[in-house]
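Okay, thanks for coming, everyone. Let me put the structure up on the screen and we'll walk through it together.

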Amino acid sequence: MKIMQINLSKPNTRSWFFAGIVALVLGVLVLIDNGSLSANSGLEAACRVEVTADNLNVRTSPEPAAATTIVLHRGDLRGAETTVQNGYRQLAGGAGWALDDFLRPLPGSKCAAQ
């Protein structure tokens, strides 16, 4: 009768360490890719705002019928201008127009409407 021998060696801790590092890096990339702090957000502007609506359309002009270019989400941060027309605030860098009622100025921002 042949007996099968099972090797119960100690687990390789280096592979678990590597897996943890990979998970951490992927987690950071997911947070960055969220969109709230994208390169085009204009957060260096004097006026910085936070989106308070679940979904907020950014339009090509300050009119309800204007085409939507992107959709922002609650908690997204953006740079903005002080220009408000028809209830829409112009976003920094010519990124479009969003309804000002759903943009909350961040503390210390200079967002007084002109």
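So, a quick one to start: does F17 count as buried or exposed, and why? Keep in mind that this is a predicted model. The answer is exposed, because F17 has 61% relative accessibility, and the cut-off for exposed is over 50%.

Where does F17 sit? F17 is in helix α1, which runs over residues 13–33.

Okay, zooming out. The protein chain has one helix and seven strands, and if you read along the sequence, the order is α-β-β-β-β-β-β-β. The chain has 114 residues, and 26% of them count as buried. Its accessible surface is about 8200 Å², with 60% of that belonging to carbon and sulfur atoms. On contacts, if you take those with a separation of 6 or more, 58% are between residues 24 or more positions apart.

Now for the inside. The largest nonpolar core is made of 12 residues, among them C47, V49, V51, L72, A80 and C111. Two strands, β1 (47–51) and β2 (55–59), each put in at least two residues. β1 gives the largest share of this core, with three residues.

Last stop, A80, which belongs to that core. Leaving out residues up to four places away in sequence, A80 touches A45, C47 and V49, plus the run R89, Q90, L91 and A92.

That's my tour, over to you.

Key
Residues are numbered from 1 along each chain as its sequence is written. This is a predicted model: local features need pLDDT of at least 70, side-chain atom pairs count only at pLDDT 80 or more; totals for chains, interfaces and linings use all residues. Side-chain values use heavy atoms; hydrogens and water are left out. Helices (H or I, at least four residues) and strands (E, at least two) are DSSP runs, numbered from the N terminus. Buried means under 20% relative accessible area, exposed over 50%, partly exposed in between (1.4 Å probe, protein chains only). Contact means heavy atoms within 4.5 Å. Accessible areas come from the Shrake-Rupley method with a 1.4 Å probe; for residues, only the protein chains shown count as cover. A nonpolar core is a set of buried Ala, Val, Leu, Ile, Met, Phe, Trp, Tyr and Cys residues joined through side-chain atoms within 4.5 Å.
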